[in-house]
Amino acid sequence: MTNDFHAFPPIQARFPYIWHGGDYNPDQWLKHPGTIDEDFRLFKQAGINMLSLGIFSWASLEPEEGRFEFGWMDDIFERAEKNGIGIILATPSGGKPNWLAQRYPEVRRMVRHDDWPGVPPVREEQFRRHNHCYTSPVYREKVACIDRALAERYGKHPALSMWHISNEFGGQCHCPLCYAAFRNWLKARYGTLDALNEAWWTGFWSHRFQAWDQVQTIDPSVEGMVLDWRRFVSHQTVDFCAMEADVLHKHAPGIPVTTNLMGFNPWHDQFQMAKVVDVISWDCYPQYHDRPGSEETQGFALAHCLNRSLKDKPFILMESSPGPINWAPINRLLRPGQHRAKSLQAIAHGSDSVLYFQMRKGRGGSEKFHGAVIDHCGAETSKTRMFREVEALSKDLTTLQPVVGAYTPARVALVWDWENSWALRASSGPLDIAKDVVRTIRKHFDALRRHGVCIDIIHPERDLSRYQVVVLPSLYLLQDGFAEKCKQFVENGGTLVGTYLTGIVNQYGLTFSHGWPGDGLRRLFGVWDEEIDYLYPEERNEIRFQFESGSALTGCCEVRNVCSRIHAEDATVVATYEHDFYAGEPAITCRKAGKGNAWYIAAECQDDGLAALYAKLLDGANVPRLVASELPSYIDVTERIAADGTAYLFLINPTKMETKIDLGIDEWRDAFTKEAGPQTIQLGAWASRVLFRRPAVK
């Protein structure tokens, strides 16, 4: 196990604090005298130090092709510099102007209806946003032109902190340009049609291709084609972002670039996107409210961990809301304390910012009721509850400035691969709920973090040597060489956990021969996964643990949805099934290999049983816990360590249920009051606490 943790410098040396502010659209208010003056007065009062500008301003910046109007943006830059506010300047490619869509129809995407896959794609009209073709040479040319103009004008401005490329990349296009590019992509990947036909197994239903131009649509029955199409769509998306980044780096060197991601967005591989940007940022809109369940808590904590892990360093929370959103079925008000809790949760998991959509509510459009720092009431905004909570949070963020650049000491990792999720989704046969890999990884994430451990979400390419425990939740598709990496990890002392639906297909989506899990994992885990039983929604089975009576892990655990029938070929049986024709057969096994252990979980264990199993695994792997208590599923506890070694412990309760947490040690102090904290913390409804402790003096 390596110890390569280290803190990071601020994203921008000129702005070395936690960024607080967000999406500002002054071009919508140019005909309303005094509004922008009022905005900057309120920004100062609220402690705003960063604005993201120009995200959907193309029509204001270039109202006609080749005619630019920068005066209004010049004014905002000068105001920002005067007030000590930084600018995150966006490229406007997420929303093209009407003149561009009308003059160059090819830039508009062509879409097809999944319900009628045989019907030819149709060209979209100009509406909404993100409705452009990433392949179109014309669109790329026009985007590069506006990007170059922005970079040349503002690239050296002292208020510029970072570039924001486009907005929330996603979607696909089925136009002739994209299909031609797809065929070229396939030629580069496979070289020959024989190789493509073998990889796609096109002998099935007589789908064999005799010429490249026969690849003219996406056939859902050819699962290898679907998988490669998703790879291609991801490639085009990342390549488009890289094109914009190249323009900005060339004409405004030294300014970092980012693009705002969206959690587990299915449209592109964000590990690949991370390679073409300098900073990771993402948009996060928790809807915790006062519901008692833990789904929202664990889901957003998981997504924060993913974004921190993409580049293995702090990220930027680019969008959140200081109040209710407007696009959910029920848009509830945030209860007092929830804005602080969700904001500090982002900081806890690695964000160096709390930024909002939006700074001022618009008077029209589809987001006029979306939460904002400045309300429709204008000058009266400072009296609103939402504004006062933003103002109070600003003071907390100032206190937490030493956290900027702090690292997260994760010794546990969950493996996530977008290609794996695409392959499993494309596969016909597995139960739909079992194909939801995000749901599966959430279950394991939640079970692990109930024990107070920091967790990374890593790609199969990542070096495993930093970690003590690595989990492969339904890693259906194995990348070449990953099984060997797992073997070395275990033999060097690591604890590896595999689950049902792991190691079923290779990188082309073809099933492994010689038994599952394939590619050497069968030998590593010491099991043969013979067949998989999928249960009806109302069905239940149980597994019984085989540990001695004195162990904390005894009795039965309920299982649902998936029950693999496995044979323990060279592994110790840890639990067996209780019911059905496979009662008494292995359900969980463990095999010692070298200095480590390889565990195999063949069934979907429910929450308490899975948490109990991970308690034993973590103890066996000597993984340190942040607190002494086992945590409820809805409580979020994590740690960041600053450059001087000071540890910051974040305890977040985004629900109305009160919880008592035993810290286990009494060295912590409250980060805001500096008072010594008790060994036991009472965390009330929607409460958040931040504690710190200095490193021991040697």
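This is a predicted model: local features need pLDDT of at least 70, side-chain atom pairs count only at pLDDT 80 or more; totals for chains, interfaces and linings use all residues.
**Group meeting talk: helix packing, salt bridges and loops**

Good morning. The crossing of helices α15 and α18 is right-handed; a crossing has that name if the near helix is turned clockwise from the far one by less than a right angle, and is left-handed if anticlockwise. Helices here are DSSP runs of H or I with at least four residues, strands are runs of E with at least two, and both are numbered from the N terminus.

Residues are numbered from 1 along each chain as its sequence is written, and side-chain values use heavy atoms, with hydrogens and water left out.

Let me return to the two helices. Two packed helices are described by the angle between their axes and the distance between the axes. Helix α15 covers residues 437-449 and helix α18 covers residues 607-620; their axes are 8 Å apart and meet at an angle of about 60 degrees. Axes are lines fitted to C-alpha atoms, for helices over the stretch in contact, and angles run from 0 to 180 degrees between N-to-C directions. The two helices, α15 and α18, are therefore oblique to each other. Angles under 35 degrees count as roughly parallel, over 145 as roughly antiparallel, 65 to 115 as roughly perpendicular, and the rest as oblique.

I turn now to charged side chains. Side chains of opposite charge can pair when their charged atoms come close. How many salt bridges does the structure hold? The count is 43 salt bridges, each being a side-chain nitrogen of Lys or Arg within 4 Å of a carboxyl oxygen of Asp or Glu.

One of them joins Arg140 and Asp239, with the closest N and O atoms 2.8 Å apart. This pair links distant parts of the chain, since Arg140 belongs to helix α5 (residues 137-154) and Asp239 to helix α8, 99 residues apart. Is Arg140 buried or exposed? Arg140 counts as buried because its relative accessibility is 17%, whereas Asp239 is partly exposed at 32%. In these terms, buried means under 20% relative accessible area, exposed over 50%, and partly exposed in between, with a 1.4 Å probe and protein chains only.

A second salt bridge brings Arg340 and Asp396 together, the closest N and O atoms being 2.7 Å apart. Arg340 lies in helix α11 (residues 338-348) and Asp396 in helix α12, so this pair ties together parts that are 56 residues apart in sequence. Arg340 counts as partly exposed at 23% relative accessibility, and Asp396 is buried, with a relative accessible area of 15%.

Next, the surface. Which residues make a nonpolar surface patch of about 420 Å²? The patch is made by Trp201, Phe204 and Trp205. Patches consist of residues with over 30% relative accessible area and no salt bridge, where like charges are joined within 9 Å and nonpolar side chains (Val, Leu, Ile, Met, Phe, Trp, Tyr) within 5 Å. Accessible areas come from the Shrake-Rupley method with a 1.4 Å probe; for residues, only the protein chains shown count as cover.

Trp201 is found in the loop between α7 (193-200) and α8 (223-251), and is exposed at 53% relative accessible area. Trp205 lies in the loop between α7 and α8 and is exposed at 60%. Phi of Trp205 is near 55 degrees, a positive value in a residue other than glycine.

The loop between β15 (495-499) and α17 (521-525) deserves mention. Pro517 has its place there, and a cis peptide bond joins Trp516 to Pro517, with omega about -10 degrees. His514 is in the loop between β15 and α17; its phi is positive, about 70 degrees, although it is not a glycine. His514 is exposed, with a relative accessible area of 74%.

Finally, a buried residue: Val469 lies in strand β14 (residues 469-472) and counts as buried at 0% relative accessibility. The C-alpha atoms of Val469 and Ile455, 14 residues apart along the chain, are separated by 9.7 Å. Thank you.
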